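Hello,

Here is the structure I promised to pass on. Have a look at it first, and then read my notes below.

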Amino acid sequence: MDADTVIEMLTDHRADALMLTSHLKFPKTVIERIPEHVKIAATCSVGTDHIDIPAAKARGLPMTNTPDVLTECTADLAFMLMLNAFRRGYEYDRIMRAGWRIHYGLGEMMGRRAWGKTLGLIGFGRIGQAMARRARGFGMRVLYSSRNRAAEEAELGAMYFADFREMLPHCDALSLHAPGGLATSKIMNAETFALLPKGAVFVNAARGSLVDEDALIAALASGHLAGAGLDVFHNEPEYDTRFADLPNVFLAPHMGSATVETRNAMGFRALDNIQAVLAGKPPIDPIWR
Ligand code: DGY
């Protein structure tokens with residue numbers, strides 16, 4: 001449903017609550033039209049960058065998201081993207097589907113080893129930390145940069161950089177786990193990609209808005225980056241199809257949380273929030289207070 005249909009349906013059915021996904025943009029102009037009988041809007045996503053939070057607060061509309069339940073699956077997908085970027089997953093698959101008929105020499109079609117490499121994380125919340133746990137199983141050294149340094153027990157040996165630019169030259173792989181929004185808009189751009197060592201791989205399962213896509217495409221095309229694994233894009237679903245022309249990119253259509261188990265858990269978490277508010281209790285996962 002588009003925003004107009006949502007407002008119409010809420011009104012026609014005198015709905016008490018709205019459950020939405022990140023596909024529905026929720027700016028001030030939409031929030032102001034939500035009828036008064038709607039007591040809560042629960043987004044079935046951990047990300048909240050599709051919502052104008054100050055407008056929801058001004059309207060007094062309780063809004064909730066679905067943290068925690070998608071952490072492990074999103075980290076699994078980010079790790080899958082990273083391994084495919086290191087090991088040329090897309091190219092191997094393409095060769096097989098084209099009907100592989102020639103032996104490759106020992107020096108051909110070589111990827112890069114993930115084991116023992118250094119992984120940098122921008123953002124070290126729940127998903128960033130879950131990515132770090134996976135990396136440890138692959139013998140990787142983990143660096144991270146986030147607004148605040150994590151508690152020592154959450155770091156589990158990861159090294160903190162207050163300025164992510166200082167971390168970049170040390171990263172064999174870089175994975176983004178920061179929220180979208182103005183503060184992080186295009187933090188990866190021509191200048192910051194250039195700080196990564198030649199041959200690094202880049203992973204994004206967070207938000208497309210964090211990346212200047214022209215700069216990413218240039219870094220991949222020039223070979224400065226060996227590869228990338230991308231699940232999110234600036235303009236979804238009308239993503240920039242120049243990515244599809246690059247052999248060294250493994251692509252997914254925004255599927256971080258897309259497992260049966262996690263999508264069920266997200267749906268129930270959103271419903272639990274709705275049930276709490278309609279029962280006169282505080283929301284479980286408020287996105288504003
Ligand atoms: C999330 O939960 O934020 C996912 O990226 C889906 O929008």
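**What I found**

Pro237 sits in the loop between S9 and S10; helices (H or I, at least four residues) and strands (E, at least two) are DSSP runs, numbered from the N terminus. The peptide bond that joins Glu236 to Pro237 is cis, with omega about 0°.

Before going further, a word on the numbers. This is a predicted model, in which local features need pLDDT of at least 70 and side-chain atom pairs count only at pLDDT 80 or more, while totals for chains, interfaces and linings use all residues. Residues are numbered from 1 along each chain as its sequence is written, and side-chain values use heavy atoms, with hydrogens and water left out.

**Domains and sheet**

The domain assignment of the protein chain gives domain 1 (3-65 + 260-278) and domain 2 (71-251); such bounds come from an automatic or database domain assignment. Between the C-alpha centres of domain 1 and domain 2 there are 32 Å.

Seven strands form an open sheet with parallel pairing, in the order S6-S5-S4-S7-S8-S9-S10. Two strands pair if DSSP finds at least two bridges between them. The edges are taken by S6 and strand S10 (249-251), each with a single partner strand, so one side of each has no neighbour in the sheet. Strand S7 (residues 173-176) pairs with strand S8 (residues 200-204) in the parallel sense over four bridges, and Ser175 stands opposite Val203 in S8. Helix H4 (residues 71-87) packs on this sheet and touches strand S4 (118-122), S7, S8, strand S9 (225-230) and S10; contact means heavy atoms within 4.5 Å. The direction of H4 makes about 150° with that of S8. For such angles, axes are lines fitted to C-alpha atoms, for helices over the stretch in contact, and the angles run from 0 to 180 degrees between N-to-C directions.

**Aromatic rings**

Rings of Phe, Tyr and Trp (its six-membered ring) pair if their centres lie within 6.5 Å; planes under 30 degrees apart count as stacked, over 60 as edge-to-face and the rest as tilted. By this rule there are six aromatic pairs. In one of them, the ring centres of Tyr144 and Tyr160 are 5.2 Å apart and the planes are at 50°, so the pair is tilted. Tyr144 belongs to strand S5 (residues 141-145) and Tyr160 to strand S6 (residues 159-160), so the pair ties together parts that are 16 residues apart in sequence. Ring pairs also link Phe124, Tyr144 and Tyr160 into a cluster. Tyr144 is buried, at a relative accessible area of 0% (buried means under 20%, exposed over 50%, partly exposed in between, with a 1.4 Å probe and protein chains only).

Thr192, in helix H9 (residues 190-195), is buried at 1% relative accessibility. Its side chain reaches the backbone nitrogen of Asn189 at 2.7 Å. Leaving aside neighbours within four places in sequence, Thr192 is in contact with Phe164, Arg165, Leu168 and Ile187.

Lys186 is not a glycine, yet it has a positive phi of about 50°. Lys186 lies in the loop between S7 and H9 and is partly exposed, with a relative accessible area of 38%. His254, also a residue other than glycine, has a positive phi near 55°. His254 lies in the loop between S10 and helix H11 (260-278) and is partly exposed at 26%.

Best wishes

How values were computed:
Polar contact = N/O pair within 3.5 Å; in protein donor to acceptor, adjacent residues only side chain to side chain.
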